[in-house]
Amino acid sequence: MAREQFQSLSEQMYYILLALWKPQCGADISRLVTCLSHDRIRIGPGTLYTLLARFEEQQMIRQTASEGRKRYYVITEKGKQMLHTEYRRLQSLVADGALYLDSQTGGYDEK
Amino acid sequence: MMKNKKRTFAFYQIYENDALKEYLEDMALKGWKLAKIGQILLYFEACEPHPIRYCAEVMEKPSALASNQTLQLKRYREFCRDAGWNYLGTNGYLHIFYTEDMDALPVETDAKERFERICKASMNVNRTMLIIFPLISLLNLYTCYTRGTLLCSQGFLALFLMGTLCFYLGDYLLWKRRAKASLNDTGTLPCTPWPSVHRKNNTVLLVVLLLCAVYLLQTTGNAPFEAFPYILLYLGLYIVMLIFFSFLIHRLRDRYAFSTGMNMLIYWGSAFVLVMLATAVITFIIFRTI
């Protein structure tokens with residue numbers, strides 16, 4: 001889902017931004033997202049177009065080149081910053097969860 | 001000789017897009033491939049029975065008057081074409097795509113985004129009804145008040161309009177509630193089978209048409225016999241105008257990249273001029289005859 005003002009990123013947004021670390025065209029982004037997420041996240045062309053247009057509007061990605069109908073996009077500094085923020089947020093979620101859920105850390109049995 | 005073309009009547013709401021998709025896929029398996037989509041008719045061509053996948057999607061910032069030739073929509077379609085989806089056409093808010101590639105990803109994979117767009121588009125339709133129907137009803141109810149009875153053609157019209165409004169709004173709200181629950185539970189939107197959707201919509205349409213006929217009989221019941229040709233002419237003119245506007249908006253959207261505002265101006269401007277002209281012509285004919 002499109003999170004308003006990108007205060008947090010949906011899974012699809014997160015993987016699209018990751019895929020754009022290097023310039024990619026639409027079809028490549030879709031393939032790369034499937035590959036990066038180990039087939040867990042799949043993005044349809046309509047959803048991908050909408051998200052790319054929004055990212056571009058918010059200057060989180062920019063167009064680098066166009067070959068015929070193909071357009072290449074890459075992540076911007078603002079996009080990287082957003083991705084880092086999301087990464088840290090996810091890390092803290094995992095860390096907090098680990099206290100209770102990870103049997104290795106011993107929190108599972110409410111010690 | 002076997003027919004190789006077929007037309008079917010299909011009246012459905014925006015939020016019944018997945019039911020439409022299922023119907024089209026069933027038709028392909030029966031050997032009928034969708035060739036064109038009209039306002040209320042679906043045009044099929046005969047083909048070898050084989051699976052074809054369809055998508056009926058609402059675009060971002062949905063509008064029934066927005067051009068299909070904007071750069072954004074052209075790019076959207078290019079993205080879909082590159083992923084194996086061919087664009088077939090549009091009917092108001094719904095844009096239809098098809099593919100014979102069974103492995104192609106669906107055009108839209110974000111159920112929540114789809115839900116929001118469908119809600120926006122449905123509310124656009126409901127908003128028009130929410131403004132126009134109560135307004136007409138209020139004017140009619142005022143006449144009822146001055147006459148001191150609801151049992152007149154004005155009262156009937158007010159109840160009929162408010163009933164229609166309540167039905168469509170209620171149906172939409174019920175779907176919305178079901179969709180929200182389904183999104184939370186399964187992450188997908190609910191899909192009612194096409195036969196149920198078709199049966200429900202046809203029944204409602206039949207009831208609405210019957211009530212319209214009753215209203216007309218009631219209003220023209222006291223009119224002199226000589227007035228009937230004029231009443232029919234008047235109604236005929238409005239039906240012609242309805243077809244004209246349906247054609248006009250289809251043409252404007254598909255051929256020209258006008259802004260939504262411009263399309264709105266052409267649409268409502270020509271509606272105003274044509275209604276005025278029709279009224280003037282009818283008045284002239286009536287006065288000349290008298």
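The model is predicted: local features need pLDDT of at least 70, side-chain atom pairs count only at pLDDT 80 or more, and totals for chains, interfaces and linings use all residues. Residues are numbered from 1 along each chain as its sequence is written, chains are lettered from A and ligands numbered from 1 in the order in which they are written, and side-chain values use heavy atoms, with hydrogens and water left out.

Chain B contains 7 helices and 6 strands. Helices (H or I, at least four residues) and strands (E, at least two) are DSSP runs, numbered from the N terminus. Along the sequence, the pattern of chain B reads β-α-β-β-β-α-β-β-α-α-α-α-α. The C-alpha trace of chain B spans about 70 × 45 × 40 Å along its principal axes.

One open sheet of chain B has 3 strands in the order 1-3-2, with antiparallel pairing. Two strands pair if DSSP finds at least two bridges between them. Strand 1 (5-9) and strand 2 (32-37) of chain B are the edge strands, and each pairs on one side only. On average, neighbouring strands of this sheet are turned by 35° against each other, direction ignored. Strand 2 and strand 3 (residues 41-46) of chain B are antiparallel and share 5 bridges. Here B:Trp32 has B:Ala46 in strand 3 as its bridge partner.

Another open sheet of chain B has 3 strands in the order 4-6-5, again with antiparallel pairing. Its edge strands are strand 4 and strand 5 (86-91) of chain B, each pairing on one side only. The twist from one strand to the next averages 25°. Strand 4 and strand 6 (residues 94-99) of chain B pair in the antiparallel sense over 6 bridges. B:Glu57 has B:His95 in strand 6 as its bridge partner. Strand 5 and strand 6 of chain B are joined by 5 bridges, also in the antiparallel sense. The bridge partner of B:Asn91 is B:Leu94 in strand 6.

Helix 1 (residues 17-29) lies across strand 4 and strand 6 of chain B, at about 160° to strand 4. Helix 1 of chain B also lies across strand 1, strand 2 and strand 3, at about 25° to strand 3. Contact means heavy atoms within 4.5 Å. Axes are lines fitted to C-alpha atoms, for helices over the stretch in contact, and angles run from 0 to 180 degrees between N-to-C directions.

The whole structure holds 2 cavities of 30 Å³ or more. On a 1 Å grid over the protein atoms alone, a cavity is a set of points where a 1.4 Å probe fits but cannot get out; lining residues have an atom within 4 Å of a point. Grid points are joined across faces, edges and corners, and a volume is the space filled by probe spheres set on the points. The second largest cavity has a volume of about 30 Å³. Its lining consists of B:Asn17, B:Glu57, B:Val58, B:Glu108, B:Arg114, B:Arg117 and B:Ile118. Strand 4 (53-58) and helix 3 (111-147) of chain B each supply at least two of the lining residues. Helix 3 of chain B gives the largest share, 3 residues. By class, the lining has 2 nonpolar, 1 polar and 4 charged residues. Ala, Val, Leu, Ile, Met, Phe, Trp, Tyr, Cys and Pro count as nonpolar, Asp, Glu, Lys and Arg as charged, and the others, Gly among them, as polar.

In chain A, helix 1 (residues 11-19) and helix 3 (residues 45-57) pack at an angle of about 70°, with their axes 11 Å apart. Helix 1 of chain A is therefore roughly perpendicular to helix 3 of chain A, a term that covers angles of 65 to 115 degrees. In this contact, A:Gln12, A:Met13, A:Ile16 and A:Leu17 of helix 1 meet A:Thr47, A:Leu48, A:Leu51, A:Leu52 and A:Phe55 of helix 3. The contact has 7 nonpolar, 2 polar and no charged residues.

Chain A also has a hairpin. Strand 2 (residues 61-67) and strand 3 (residues 70-75) of chain A run antiparallel, joined by 6 bridges. A:Gln63 has A:Tyr73 in strand 3 as its bridge partner. The hairpin has 2 residues between the strands, and A:Gly68 takes a positive phi near 60°.

Notes: Parallel < 35°, antiparallel > 145°, perpendicular 65-115°, else oblique. 1 Å grid on protein atoms, 1.4 Å probe; cavity = no way out; pocket = protein on both sides within 12 Å on 5 of 7 lines; lining within 4 Å.
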